[in-house]
Amino acid sequence: MYPLLFTAIAMLVSFATPAHAAPCDATGLTSCTQWAQEQVSALGCRAPSPTFENAVADLYSKKGCRLEGTRWYNIETGAAVKGSYSNGVNTDTAGCIARYTPGAYLRTGGYFRTPTEAINGPLRNKSLSGCEREDASSLTKPMRDKIESCSCADLSVKPTPPAPTSAPATPATSGGTDVNNPPPTPPTEEEATLQGSTELDPIVNTLPLELRDRFKKLAALYRERIPEGTYGREANQNSSAFNFISAGSINNIFGQDATACGAYQGTVLDFLDALRKSNNQEDKKLLEGFDFGPIQIAGGAHQAVAIFPKGTDWQTTGIVLDPWKDQKPKVYSIGATGDQKAWCRLFWLGLGCPPKGSVGNIVTPIDANTGRYPTTPNPDGTWRYPSDIPRHSSAPSANRKKISVGSPVTVLLTAANGKQLGIDAQGAFHNDFGSSVEAQMMSAPDGTYESTFNLPAGSYAFTATGTGSGDVHVWTASGAGTVQAFAPTRVTTGQTLALQWSGESVTLKDAQGKEVSYNGAKKSLFWPLVGAVVFVTLCVFGYVLYRRNSGATSVPPQESQL
Amino acid sequence: MNIIDALRQYRMGPFAFFDFTAAYLGMLVVTPLLKKIFLRFHLLLPTVSVLWFVLPLSILVHILIGKYTALTTMFLDPTQYYTVKVIIIIMMAKGVMGIKKAN
């Protein structure tokens, strides 16, 4: 009975032990917070109070909420945190959103769930921190590491070392200011509004003149209020996947439901609906002259939102709000504009623009969104669908099988029941699953393809056909299991790779029919070595015990009772 | 969802009850064979020792095949989950201590 008891204890202890190290010395928190604020100031930004202090304190003291994969939990208790939305404000069972999100931002419908989001989020949001740093995550990483490792406490009291001066010559000055290196001036309101306009302007210029300014403001709000997905970018920076597939694909393969494409579609629709129904007339006016609605492509496998001038055909004039691919609020033109690739070509793999099979501003009705749009008011001025209804959201990734392929191959996937998804050898697109799958098949910047599938549980096989020469990178993940990264496999044009996935067993065979290993050679050598050392140690231990016992066994001992 | 996936959905945190049950039942099934093998080396292997070995052996096997389950990862993590490591080592030691020399 004892072995079973020990097993139960091991399971309980492992599950109940929060995965964190010992907290730091509480006396260092004040100076640590001060140092962190200095770091933010050095970036030309301001740290919102008191949420920034809360975030630093929780990182330092190993408290508050964290995200681990799809799991949002309280680090002290290990209990899952559940979020909800009521009275126009996001909230949660642990009070973390309220602790980490500045009040003004919370009232706009935005939220930060963890200390990391509370530190990075404002730095990407001009109205919260005075700056808009897309690279906030990498900028603050060293700072966050120091806070978490308790090595920040004595940093703020150290004088900042003077900047190295390689030349003895005194720089030319004017009134005490280095005219060769003038200090950065904070952007004016107008400049700040126009940040990112290089990308946006060509899209805005496709709109009628009277709508352009309105859309710029709308786009600025969209960028401010739609949360960035951290899981595809921040949480997996060391993943081998990071260099080969998009942040969206990484998000899907590692399993963050809230920032998969279907969920993002719902978030963007909520944002636009909140503007439409806002009591603030300024906000409400932003949508004047526009219609918007949910769109989907590739037979329902990828979802986003289109906004377009009233009375026009969205397939020609639409602007797509699609945060999924880069895991941040991005704006695309439905057709090619400037240097930007057309959104429908980006996702349709040559299926053509405008997207086929669409009717009005609804391509194909998406579950609960059916009949909800267009947003044009009734002739009497009332809205046709005044109440909120649930959005189409991603199927919970815990029950899904995910495959991602970054490579010069097209992929045709076949389920056990014969349903197909992907591109066949003749270049024809298939989706027999409709919107019960999420799938993105994109052309990557280097001319190769990226295919990501998020599938219902079941058995699958795929054939990947080479469209050029190069390495194929394949990742698979099931809801409960770990991500399996297969070793890069060389293909040339026309060669095929075959993957079989039945139950938990996944095998990938290269063009020669040889099985491809997964999870990388470095890891597979290191841990077996550790295991071997542990095993040998235990064997020696066991041998010594055996020698000690072996002298007193003239009569075979009775077996212990179970 | 196939039958295995269906059975594995009953979990305590990351641990599927099915995995643990299958491991113990599997070891019980092969116990007579293991006893015979051990007897060839003049060692008595009690059934209870086999049960003590289930978790340590399953961790070892997962390490050797490079599949890092939740328990394996916890056992190998050098920074935390010390209780788990201690329990597994105790189980290994108890298993070894149960083996006796046969006449």
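Modeller: By class, the lining of the largest cavity has 11 nonpolar, 1 polar and no charged residues. The model is predicted, with local features needing pLDDT of at least 70 and side-chain atom pairs counting only at pLDDT 80 or more, while totals for chains, interfaces and linings use all residues. Residues are numbered from 1 along each chain as its sequence is written, chains are lettered from A in the order in which they are written, and side-chain values use heavy atoms, without hydrogens and water.

Biologist: Which helix supplies the largest share of the lining?

Modeller: H3(B) does, with 5 residues.

Biologist: Why is H2(B) called oblique to H3(B)?

Modeller: The axes of H2 (residues 17-40) and H3 (residues 47-65) of chain B come within 9 Å and cross at roughly 130 degrees. Angles under 35 degrees count as roughly parallel, over 145 as roughly antiparallel, 65 to 115 as roughly perpendicular and the rest as oblique. The angle therefore makes H2(B) oblique to H3(B).

Biologist: Which residues of H3(B) make the contact with H2(B)?

Modeller: Contact means heavy atoms within 4.5 Å; on H3(B), Thr47(B), Val50(B), Leu51(B), Val54(B), Leu55(B) and Leu57(B) take part. The residues of the whole contact divide into 11 nonpolar, 2 polar and 1 charged.

How values were computed. Axes fitted to C-alpha atoms, helices over the stretch in contact; angles between N-to-C directions. Helix = DSSP H or I, 4+ residues; strand = E, 2+ residues; numbered from the N terminus. Nonpolar A, V, L, I, M, F, W, Y, C, P; charged D, E, K, R; others polar.
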